[in-house]
Structure formats: structure tokens, C-alpha cells
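Hello,

Here is the structure I promised to pass on to you. Please open it beside this email, and then read on for what I found in it.

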Amino acid sequence: MNRPLSQLPTQQQLDVLGSKNYFTFAQLVEAALRTMTRLFIGMLWSLAFSLVFGVMAARYKTARYFILPLVNLLESVPLRGFLTFTTAWFMGWFPNNVLGVEAVAIFGVFTAQAWNIMLVLYQSLRVTPKELLTVADQFGCNSW
């Protein structure tokens with residue numbers, strides 16, 4: 001992940017190769033593993049964000065007034081074109097390096113999932129019937 005952008009094939013190199021297969025099997029496996037790694041990292045960050053802010057919004061009324069409007073605004077990050085600005089920002093963090101592009105991909109996965117997971121968790125915590133909580137308490141169940 002941490003290699004210069006100059007190591008990636010240019011359009012001219014791809015044009016010279018034409019329709020030939022320029023990826024070896026090992027390169028395809030490496031690309032698949034890198035993609036899965038990006039997806040898992042984005043998913044883990046989404047779950048961590050959702051658990052922290054979803055539970056805070058469900059339990060604390062004051063936090064709810066700040067978290068829910070902020071999440072509703074940030075939910076439209078990919079749609080409002082903020083992704084172009086964050087792309088330049090991440091690429092600036094890692095100039096001439098593939099790691100900047102990898103960070104953009106992870107951020108894209110995060111923004112695609114985090115808000116939905118957080119809102120689903122928040123809603124499921126808010127709408128649990130009191131009777132169900134009472135029965136769970138009587139059976140000695142903990143929060144998990």
C-alpha cells in the first residue's frame with residue numbers, strides 16, 4: 001500500500017499492451033486482497049463510529065440534539081461532492097503515494113455505510129418496548 005504512484009501503469013503503457021493480459025495471477029490476488037483489506041478497514045471504522053455515536057444519541061437527550069442533525073448532514077457527503085475535496089485532502093496527506101488513494105477508498109466505504117448503520121442502531125435502541133426491557137431485566141439479562 002505504501003509505494004509511489006509512479007509504479008502504477010500509465011495510460012501509454014496500457015495502450016502499448018493493447019488487449020494483452022498484463023496482470024499475472026499473483027497481481028490479481030494481490031489486488032483482490034488489497035480491495036478486501038480496504039473494505040474491512042472501512043467496515044470496522046463504520047461499526048466503531050456507529051456503536052459510539054448511535055448509543056450516545058439513544059441514551060443522552062443532549063447528545064441527540066447534536067448528533068442526529070450532524071449525521072443527517074454528513075449522510076449526504078458522497079452526494080454533495082465533498083468526496084472530491086476529501087480526495088484532494090487525502091492525496092495531499094500522502095503526496096506521490098498510493099496510500100492517499102487507498103485512504104480515499106476507505107473513506108468512501110466509511111461514508112457509504114456509517115450513517116446507515118448508526119441510524120439503524122439508534123432507531124432500534126429507541127423503539128425497544130418497555131415491556132421487553134422489563135422482561136429482560138427480570139430474567140437477569142445484561143445490555144448485550
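Helix α4 (residues 82-93) and helix α5 (residues 98-126) have axes that come within 8 Å and cross at roughly 145 degrees. Helices here are DSSP runs of H or I with at least four residues, strands are runs of E with at least two, and both are numbered from the N terminus. The axes are lines fitted to C-alpha atoms over the stretch in contact, and angles run from 0 to 180 degrees between N-to-C directions. The crossing of α4 and α5 is right-handed; that is the word when the near helix is turned clockwise from the far one by less than a right angle, and anticlockwise is left-handed.

On the α4 side, Leu83, Thr86, Thr87, Phe90 and Met91 meet Gly100, Val101, Ala103, Val104 and Phe107 of α5. Contact means heavy atoms within 4.5 Å. By class, this contact has seven nonpolar, three polar and no charged residues. Ala, Val, Leu, Ile, Met, Phe, Trp, Tyr, Cys and Pro count as nonpolar, Asp, Glu, Lys and Arg as charged, and the others, Gly among them, as polar.

**How to read the model**

Please keep in mind that this is a predicted model, in which local features need pLDDT of at least 70 and side-chain atom pairs count only at pLDDT 80 or more, while totals for chains, interfaces and linings use all residues. Residues are numbered from 1 along each chain as its sequence is written, and side-chain values use heavy atoms, with hydrogens and water left out.

**The chain as a whole**

The chain has six helices and zero strands. Of its 144 residues, 22% are buried, where buried means under 20% relative accessible area, exposed means over 50%, and partly exposed lies in between (1.4 Å probe, protein chains only). Among contacts with a separation of 6 or more, 80% join residues 24 or more positions apart.

**Helix α2 against α5**

α2 and α5 pack at an angle of about 35 degrees, with their axes 6 Å apart. Their crossing is right-handed, and the residues of this contact divide into 23 nonpolar, five polar and four charged.

Ser46 has its place in helix α2 (residues 25-59). Is Ser46 buried or exposed? Ser46 counts as buried because its relative accessibility is 0%. Leaving aside neighbours within four places in sequence, Ser46 is in contact with Val109, Phe110, Gln113, Ala114 and Ile117.

Arg34 also lies in α2, and Arg34 counts as buried at 15% relative accessibility. The C-alpha atoms of Arg34 and Glu102 are separated by 8.9 Å, although the two are 68 residues apart along the chain.

**The nonpolar core**

The largest nonpolar core has twelve residues, including Phe49, Val71, Phe110 and Trp115. Such a core is a set of buried Ala, Val, Leu, Ile, Met, Phe, Trp, Tyr and Cys residues joined through side-chain atoms within 4.5 Å. α2, α3 (61-74) and α5 each supply at least two residues of this core, and α5 gives the largest share, five residues. Beyond neighbours within four places in sequence, Phe49 is in contact with Gly54, Val71, Phe110, Ala114, Trp115 and Met118.

Asn96 is found in the loop between α4 and α5. Asn96 is not a glycine, yet its phi is positive, at about 55 degrees. Most residues other than glycine have a negative phi. Asn96 is exposed, with a relative accessible area of 64%.

Enjoy exploring!
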